[in-house]
Amino acid sequence: QVQLVESGGGLVQAGGSLRLSCVASATFFDINYMAWYRQAPGNQREFVAIITSGGTTTYAESVKGRFTISRDNAKNTAYLQMNSLKPEDTAVYYCNMNIRQSIKSYDYWGQGTQVTVSS
């Protein structure tokens with residue numbers, strides 16, 4: 001019932017910037033956290049960043065200082081601002097939201113958006 005729609009991916013040169021967006025298909029007022037993961041060719045899916053509804057953020061060491069996660073809880077939207085992009089940032093980026101529905105919480109994932117950084 002819940003779908004996450006991602007946008008903002010594309011091709012960018014090294015040193016450039018992109019902003020990813022992830023919007024849930026329905027209105028929720030109890031999003032426990034929003035997160036971004038990525039999976040590069042030949043690699044496992046890895047954690048990138050997370051933000052709780054209270055605003056606490058955590059980043060992977062590889063993106064710290066370059067990426068910023070933010071959210072608009074009222075719009076059920078997560079953002080990932082990516083600056084100073086490097087070729088090693090090339091990956092499919094996945095949005096993840098943990099949403100409380102009734103008394104239970106559920107994890108939802110987007111289908112991924114491709115980010116390609118050229119050198």
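**View 1. The largest nonpolar core of this predicted model has 31 residues.** Here a nonpolar core is a set of buried Ala, Val, Leu, Ile, Met, Phe, Trp, Tyr and Cys residues joined through side-chain atoms within 4.5 Å; buried means under 20% relative accessible area, exposed over 50% and partly exposed in between, with a 1.4 Å probe and protein chains only. Trp-36, Leu-80, Met-82, Tyr-93 and Met-97 touch the most other members. Among the elements giving two or more residues are S3, S5 and S9, and S9 gives the most, with five. Strands are DSSP runs of E, at least two residues, numbered from the N terminus.

**View 2. Met-82 also touches Ser-17.** Contact here means heavy atoms within 4.5 Å. Setting aside residues up to four places away in sequence, Met-82 touches Leu-18, Phe-67, Tyr-93 and Val-115, among others.

**View 3. Ser-17 sits in the loop between strands S2 (10-13) and S3 (18-24).** Ser-17 is partly exposed, at 39% relative accessible area. Its side chain makes a 2.8 Å polar contact with that of Asn-83; such a contact is a pair of N or O atoms within 3.5 Å, one able to donate a hydrogen and the other to accept it, and residues adjacent in sequence count only if both atoms are side-chain atoms.

**View 4. Thr-90 is in the loop between S8 and S9.** Thr-90 counts as buried, at 18% relative accessibility. Its side chain reaches the backbone nitrogen of Val-117 at 2.9 Å.

Residues are numbered from 1 along each chain as its sequence is written, and side-chain values use heavy atoms, without hydrogens or water. In this predicted model, local features need pLDDT of at least 70 and side-chain atom pairs count only at pLDDT 80 or more, while totals for chains, interfaces and linings use all residues.

How values were computed:
Helices (H or I, at least four residues) and strands (E, at least two) are DSSP runs, numbered from the N terminus.
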